[in-house]
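Welcome! Here is a short tour of one structure, written for someone who likes to check geometry with their own tools.

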Amino acid sequence: MSGPLAHLKVIEMAGLGPCPLAGQLLADLGAEVILIDRQSGEADPTDINRRNKQSIALNLKTESGLKIAQQLITEADILIEGFRPGVMEKLGLGPEACHQQNPELIYGRMTGWGQTGPLAQSAGHDLNYLALTGALSAIGSQGEAPIPPLNLVADYGGGTMFLLLGVLSALYERSHSGKGQVIDAAMVDGVPAMMGLIHMLLARQQWSPERESNLLDGGAPFYRCYETADGKHLSVGPLEPHFFAGLLKKAGLPEDELATQYAYQQWPQKREQYQALFKTKTRDQWMAIFDKSDACVSPVLGFDEVESHSHNAARENFLRVDGIMQAAPAPRFDRTPAATPTAPLAAGANATELLSRLGYSEAEIETLKESDALS
């Protein structure tokens, strides 16, 4: 492996949601990520979160399967899991048990509700966790129900990214203390941590609870999306006056609009005015007008358009592995660049190799394959 995290060993307990993405991002940057799967299966090139990872499928309810998992964890720097609180303990792989064998282990726990609190044992998904933070109430159109922002905000923003921040911070701390620790990464913690700006505006009484009436929620006519003549859309976002002046000039709007840019009482009327204007040309016609300007206008691309856009293509933001479009590794490093991703392997594909590294003989491996320890 190559990348800034080469030589880092990570165990990922197979699951759903933010934990698999965290493992993928670590693997993209060079970490050796070993998935402990529940059951062997066929390789699926569309399962992008499994790229760059190794896999062994273990029956953790057997003595031999549990022993192999413990041996893998003993050799690891980081373990990440996304089960409800207590599940890993019931398997015999909770933090206390793992730290007895590997005191330096960084143990990352990813949940929606957190390890403690009255909802800790409740089921939920991104939308539910986001709802509890206040953020969901601000997303959507005026007079309508809040809109799920895909699963990007709670699952991946408040979840994956804070799990990664936690385990890598603990890894840095370990370089000084020599000790591992447990990270309780919860989406209901991570999302509020990203909301400093919104909390500031609330404290200053500069944020209305009514959707689509604020600076960043589509209320401002200069920070929203507009439909064009061909049914496509533009994103328009010149927040600063000097950028807004560029929009006015390029779009042919009156210069005196600049003086009332932040007159929010006029925003509803201006939204209608701007929408009527943007519907007079197609998306691409408008982009020809705004090309290389500082008006902060960009096309709203469909998934089928992102690869071919000139900027994405120049930066090689997207690549194909076995014909499957996916994002290139990010961020970028000048001295230790990440390698081109490898296709996802089948669950259990690396069992023989991993067992050999643990010191199992060929005969012992065959015995394990014939038993129910390997799923």
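## Around Glu 104

Contact here means heavy atoms within 4.5 Å. Please keep in mind that this is a predicted model.

Glu 104 sits in the loop that joins α4 (95–101) to β5 (106–111). With a relative accessible area of 40%, Glu 104 is partly exposed. Setting aside its neighbours within four places in sequence, Glu 104 touches Asp 77, Arg 174, Gly 178, Lys 179 and Gly 180.

## Helix α2

The buried residues of α2 are Gly 65, Leu 66, Ile 68, Ala 69, Leu 72 and Ile 73. Viewed down the helix axis, the buried residues fall within an arc of 160°, so they line one face of α2.

## The cavity

How many cavities of 30 Å³ or more does a search of the whole structure find? The search finds one. The largest cavity holds about 70 Å³ of space.

Its lining includes Leu 72, one of the buried residues of α2. At least two lining residues come from each of β1 (9–13), β2 (32–37) and α13 (351–357), and β1 gives the most, with three. By type, the lining has seven nonpolar residues, four charged and no polar. Among the lining residues are Lys 9, Glu 32, Glu 75 and Arg 357.

How values were computed
Residues are numbered from 1 along each chain as its sequence is written. This is a predicted model: local features need pLDDT of at least 70, side-chain atom pairs count only at pLDDT 80 or more; totals for chains, interfaces and linings use all residues. Side-chain values use heavy atoms; hydrogens and water are left out. Buried means under 20% relative accessible area, exposed over 50%, partly exposed in between (1.4 Å probe, protein chains only). Helices (H or I, at least four residues) and strands (E, at least two) are DSSP runs, numbered from the N terminus. The arc is that of the directions from the helix axis to the C-beta atoms. On a 1 Å grid over the protein atoms alone, a cavity is a set of points where a 1.4 Å probe fits but cannot get out, and a pocket is an open set with protein on both sides within 12 Å along at least five of seven lines; lining residues have an atom within 4 Å of a point. Grid points are joined across faces, edges and corners, and a volume is the space filled by probe spheres set on the points. Ala, Val, Leu, Ile, Met, Phe, Trp, Tyr, Cys and Pro count as nonpolar, Asp, Glu, Lys and Arg as charged, and the others, Gly among them, as polar.
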